[in-house]
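Subject: Structure for you to look at

Hello,

Please find the structure below, followed by notes on what was found in it.

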Amino acid sequence: MTEKKKTTIVLFSGDYDKAMAAYIIANGAAAYDHEVTIFHTFWGLNALRKEENISVNKGFMEKMFGKLMPRGVDKMGLSKMNFAGFGPKLIKDVMKKHNAIPLPQLIDLAIEQEVKLVACTMTMDLLGLQQAELLDNIEYAGVAAYLADAEDGNVNLFI
Amino acid sequence: MTEKKKTTIVLFSGDYDKAMAAYIIANGAAAYDHEVTIFHTFWGLNALRKEENISVNKGFMEKMFGKLMPRGVDKMGLSKMNFAGFGPKLIKDVMKKHNAIPLPQLIDLAIEQEVKLVACTMTMDLLGLQQAELLDNIEYAGVAAYLADAEDGNVNLFI
Amino acid sequence: MTEKKKTTIVLFSGDYDKAMAAYIIANGAAAYDHEVTIFHTFWGLNALRKEENISVNKGFMEKMFGKLMPRGVDKMGLSKMNFAGFGPKLIKDVMKKHNAIPLPQLIDLAIEQEVKLVACTMTMDLLGLQQAELLDNIEYAGVAAYLADAEDGNVNLFI
């Protein structure tokens with residue numbers, strides 16, 4: 001019996017284009033029969049936020065962060081050529097024209113392919129994000145769990 | 001017979017300094033007798049653009065992207081302290097003073113050392129870049145080819 | 001006798017949040033009994049700068065870089081939501097509230113745990129940084145030493 005290869009990605013970035021790269025690699029690796037984990041930390045947590053406004057009890061600073069950060073990938077900006085929010089629309093139009101899969105569907109596909117989506121509990125705490133605000137079907141863990149996955153990983157990336 | 005070690009770098013970034021880091025590591029690894037691949041995706045594709053304006057047929061959005069993105073590494077900005085384009089000149093002056101190898105020559109050196117330079121066909125399509133606009137001597141591939149290289153890689157980086 | 005696992009991080013970024021991520025992963029890996037190296041290059045070198053102004057002989061451009069770059073992690077900005085320098089204060093307030101360890105202490109902890117902190121000599125030269133300006137207890141090396149560590153690494157990240 002041979003063990004499965006492993007791909008483990010830390011998604012730190014909250015940029016639409018970088019999240020796209022992460023999910024394209026993750027889906028490719030899953031199709032290649034790798035065991036795949038995306039560990040969402042810092043701004044990358046925003047990729048896991050539900051689009052609707054979830055009412056939760058928060059302190060003032062946590063509320064402020066919550067308001068300022070994008071709710072879900074569709075609200076994210078680009079790392080380059082963002083043009084005050086016009087860039088993401090441009091990219092999405094081009095993607096539609098070329099029949100590329102948009103990011104929300106890439107996330108659905110990853111869930112279907114059993115990519116393990118993990119939210120970093122330490123940075124959730126820092127940014128004041130609560131489980132009710134994040135997608136269902138995800139896991140919650142800290143840096144120790146990340147390392148346990150990554151230390152046997154074939155492809156480890158920080159995006 | 002021992003197998004060669006492998007270094008596989010995803011160059012996602014279109015920043016001069018990050019591309020420099022990628023090519024310095026790649027050239028170092030090649031000198032160390034690693035099999036080295038740089039997989040250029042998204043803004044990293046601009047590192048492979050020819051400097052001259054190549055006339056190709058494009059749709060409107062693709063033309064716009066083509067105009068807005070830098071043609072080749074010498075036109076790229078810095079990830080920090082770009083100062084509206086003054087930063088790259090500053091860095092290049094300092095590099096000249098310290099006899100550091102400028103980025104275009106680092107790319108030439110990589111080609112000489114048989115570093116495999118790959119352009120990601122999916123994002124070329126998205127950004128409307130065509131083979132005629134990119135350097136000769138490079139390869140074209142998708143995420144599956146990247147993973148095939150990376151899954152046996154000793155050093156895998158996302159830059 | 002089993003060999004220790006290895007984690008090798010290139011810290012390229014000069015952002016407070018990215019340096020935090022690097023040091024959290026490094027400390028986690030050291031606690032897991034990995035042999036850990038953080039190789040500081042380009043803007044990541046600023047994480048190793050002493051806070052006080054060290055008087056050293058420099059050329060004009062090197063002086064300018066020295067003035068413009070942050071002296072130590074406490075002066076660094078955020079990669080997102082920096083808000084003209086207000087973001088880092090916000091993050092530090094939230095961290096205090098949640099009893100998270102601030103970055104300067106994360107660096108102290110890394111030194112205590114014998115994480116090897118390396119400054120890239122080539123980029124020190126480029127940015128005009130001298131050994132007297134950087135923390136004591138660190139090592140100095142180039143890309144060859146990085147590769148020697150990374151090629152046997154279990155977890156290799158570029159941050």
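Is Lys92(A) buried, exposed or partly exposed? Lys92(A) has a relative accessible area of 24% and is therefore partly exposed (buried means under 20% relative accessible area, exposed over 50%, partly exposed in between, with a 1.4 Å probe and protein chains only).

Before the rest, some conventions. This is a predicted model, in which local features need pLDDT of at least 70 and side-chain atom pairs count only at pLDDT 80 or more, while totals for chains, interfaces and linings use all residues. Residues are numbered from 1 along each chain as its sequence is written, chains are lettered from A and ligands numbered from 1 in the order in which they are written, and side-chain values use heavy atoms, with hydrogens and water left out.

How the copies are arranged

Chain C is superposed on chain B by a rotation of 120 degrees with 0.0 Å of shift along its axis, at an RMSD of 0.0 Å (superposition is by least squares on the C-alpha atoms of residues with pLDDT of at least 70 in both copies). The two copies are thus related as by a three-fold rotation axis. They use different surfaces, since 14% of the contact residues of chain C recur in chain B (contact means heavy atoms within 4.5 Å).

The interfaces

The size of an interface is often given as the accessible area lost when the parts come together. Between chain A and chain B, about 2,600 Å² is buried, 74% of it on carbon and sulfur atoms (buried area is the accessible area, with a 1.4 Å probe, that two parts lose on being put together, summed over both). Tyr32(A), Lys80(A) and Met81(A) supply 20% of the area that chain A buries against chain B, more than any other three residues. The contact involves 31 residues of chain A and 28 residues of chain B.

Three salt bridges are found across the interface of chain A and chain B (a salt bridge is a side-chain nitrogen of Lys or Arg within 4 Å of a carboxyl oxygen of Asp or Glu). Lys80(A) forms a salt bridge with Asp15(B), with 2.4 Å between the closest N and O atoms.

For chain C and chain B, the buried area is about 2,600 Å², and carbon and sulfur atoms give 74% of it. In this contact 28 residues of chain C meet 31 residues of chain B. The count of salt bridges between chain C and chain B is three. Asp152(C) forms a salt bridge with Lys5(B), the closest N and O atoms being 3.1 Å apart.

His34(A) lies in the loop between α1 (16–31) and β2 (35–40) of chain A (helices, H or I with at least four residues, and strands, E with at least two, are DSSP runs numbered from the N terminus). Its relative accessibility is 5%, so His34(A) counts as buried. Residues up to four places away in sequence aside, His34(A) touches Lys5(A), Lys6(A), Thr7(A), Ala29(A), Val155(A) and Glu151(B).

Met81(B) is in the loop between α2 (60–68) and α3 (86–97) of chain B. Met81(B) counts as buried because its relative accessibility is 17%. Apart from neighbours within four places in sequence, Met81(B) is in contact with Gly87(B), Trp43(C), Phe65(C), Leu68(C) and Met69(C).

Salt bridges within a chain

Over all chains, the structure holds 33 salt bridges. One of them joins the side chains of Asp74(A) and Lys92(A), at 3.4 Å from N to O. This pair links distant parts of the chain, 18 residues apart: Asp74(A) is in the loop between α2 and α3 (86–97) of chain A, and Lys92(A) is in helix α3 of chain A. Asp74(A) counts as partly exposed, at 34% relative accessibility.

In chain B, the side chains of Lys6(B) and Asp149(B) meet in a salt bridge of 3.6 Å, N to O. The two are 143 residues apart, with Lys6(B) in strand β1 (residues 6–11) and Asp149(B) in helix α6 (residues 143–150) of chain B. Both Lys6(B) and Asp149(B) are buried.

Regards
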